[in-house]
Amino acid sequence: RGCSERCLCLLLQPVAATRSPIGDIIEHRLPPDIPVDIIYGDKDWMSPAHGVEVVKRMKAAGRENVEIHVLPNAGHYPFICHPRRC
């Protein structure tokens, strides 16, 4: 993990703890007309496997406006380390 990722984890820990899995929210509570892009870094501490499964289920249910992207050489915050690629 890069230094910026460690710093952000420490800074955001008090306010950014997940309360429920994001996949469940995207899959079941988000209106179907809102496009979804799930973005992981290939060096992310979270595995993109759950996101892949969420996207598969949503597409199987007929939703076409959902995609998953895994960015090379990026950690958990690819939008900060590589903003032009996100």
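This note sets out numbered points on the predicted model of the protein.

1. Basis of the model. The structure is a prediction in which local features need pLDDT of at least 70 and side-chain atom pairs count only at pLDDT 80 or more, whereas totals for chains, interfaces and linings use all residues. Residues are numbered from 1 along each chain as its sequence is written, and side-chain values use heavy atoms, with hydrogens and water left out.

2. Confidence. The mean pLDDT (the predictor's confidence in each residue, from 0 to 100) is 81 for the protein, and 78% of the residues score at least 70. Among the elements, the lowest mean, 66, belongs to helix α1 (residues 3-12), and the highest, 93, to strand β2 (residues 66-71).

3. Secondary structure. The protein has four helices and two strands, assigned as DSSP runs (H or I of at least four residues for helices, E of at least two for strands) and numbered from the N terminus. Their order from the N terminus is α-α-β-α-β-α.

4. Together with helix α3 (residues 49-60), the strands β1 and β2 make a right-handed β-α-β unit. Right-handed here denotes a path from the first strand over the helix to the second that runs clockwise when the strands point away from the viewer.

5. Burial and the nonpolar core. Of the 86 residues, 26% count as buried, that is, under 20% relative accessible area, with exposed meaning over 50% and partly exposed in between (1.4 Å probe, protein chains only). The largest nonpolar core contains eight residues: Ile 26, Val 36, Ile 38, Tyr 40, Val 54, Val 55, Met 58 and Val 66. Both β1 and α3 supply at least two residues each to this core. Such a core is a set of buried Ala, Val, Leu, Ile, Met, Phe, Trp, Tyr and Cys residues joined through side-chain atoms within 4.5 Å. In a regular strand the side chains alternate between the two faces of the sheet.

6. Contacts. With contact defined as heavy atoms within 4.5 Å, and leaving aside residues up to four places away in sequence, Val 36 touches Ile 26, Leu 30, Arg 63, Asn 65, Val 66 and Glu 67. For the protein, 67% of the contacts between residues at least 6 apart in sequence join residues at least 24 apart.

7. A salt bridge is counted where a side-chain nitrogen of Lys or Arg lies within 4 Å of a carboxyl oxygen of Asp or Glu, and the count comes to three. One of them joins the side chains of Glu 27 and Arg 57 at 2.8 Å, N to O. This pair links distant parts of the chain, 30 residues apart, with Glu 27 in helix α2 (residues 22-28) and Arg 57 in helix α3. Glu 27 is buried at 18% relative accessibility, whereas Arg 57 is partly exposed at 37%.

8. Further salt bridges. Glu 53 and Lys 56 form a salt bridge whose closest N and O atoms are 3.9 Å apart. Because these two residues, Glu 53 and Lys 56, lie three residues apart in helix α3, about one helical turn separates them. Glu 53 is partly exposed, with a relative accessible area of 36%. The side chains of Glu 67 and Lys 59 also meet in a salt bridge, at 3.2 Å, N to O. Glu 67 is partly exposed at 35%, and Lys 59 is partly exposed at 38%.

9. Asn 73. This residue, Asn 73, is found in the loop between β2 and α4. Its phi is near 55°, a positive value in a residue other than glycine. Asn 73 counts as exposed, with a relative accessible area of 53%.

10. Pro 78. Helix α4 (residues 78-81) includes Pro 78, which is buried at 2% relative accessibility.
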